[in-house]
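Biologist: Could you walk me through this model, one step at a time?

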Amino acid sequence: MDSPPADQDIQDVIELELRLLQAQVRAESAEVEALLHPDFSEFGASGRQWGRTEIVTALAAEQPGGEEPLITATEMSGTRLADDVIHLTYVSQRGDRRAQRSSIWLRTPDGWRVCFHQGTLIPSA
């Protein structure tokens with residue numbers, strides 16, 4: 001993270017997004033489900049559209065290798081779109097694959113939950 005966020009809600013959502021990038025969290029379906037809104041959807045960097053059930057299953061099936069982080073994030077920033085809506089953007093890297101990422105988080109009675117995510121590949125130089 002390059003600079004501290006403007007408010008605590010944005011900081012909280014950044015921390016939750018970073019949790020979703022951790023191999024041990026991704027491997028635990030219950031932890032992922034607790035962070036995803038019931039209406040979650042994603043347009044993946046692969047071009048595939050994912051629903052909540054599909055993404056929970058896919059993340060649980062990942063096989064992280066070695067001691068390196070599964071995914072790293074840089075240029076993380078957040079913008080409050082409404083009192084209970086935060087938009088995050090960042091660049092992810094997984095091996096040689098880099099992508100621009102965008103997530104929409106909603107505050108619910110159960111806490112902040114991501115309802116939409118999109119990844120767009122960054123072409124190799």
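**A first look**

Modeller: About 7200 Å² of the protein chain is accessible surface, and carbon and sulfur atoms hold 50% of that area; these areas come from the Shrake-Rupley method with a 1.4 Å probe, and for residues only the protein chains shown count as cover. This is a predicted model, where local features need pLDDT of at least 70, side-chain atom pairs count only at pLDDT 80 or more, and totals for chains, interfaces and linings use all residues. Residues are numbered from 1 along each chain as its sequence is written, and side-chain values use heavy atoms, leaving out hydrogens and water.

Biologist: Which pattern does the protein chain follow along the sequence?

Modeller: Helices (H or I, at least four residues) and strands (E, at least two) are DSSP runs, numbered from the N terminus. The protein chain has 4 helices and 6 strands. Read in order, the pattern is α-α-α-β-β-α-β-β-β-β.

Biologist: Is Arg113 buried or exposed?

Modeller: Arg113 sits in strand 6, residues 111-121. Buried means under 20% relative accessible area, exposed over 50%, and partly exposed in between (1.4 Å probe, protein chains only). Arg113 has a relative accessible area of 11%, so Arg113 is buried.

Biologist: And what about Glu75: buried, exposed or partly exposed?

Modeller: Glu75 belongs to strand 3, residues 72-82. Glu75 has a positive phi of about 55 degrees although it is not a glycine. Most residues other than glycine have a negative phi. With a relative accessible area of 47%, Glu75 is partly exposed.
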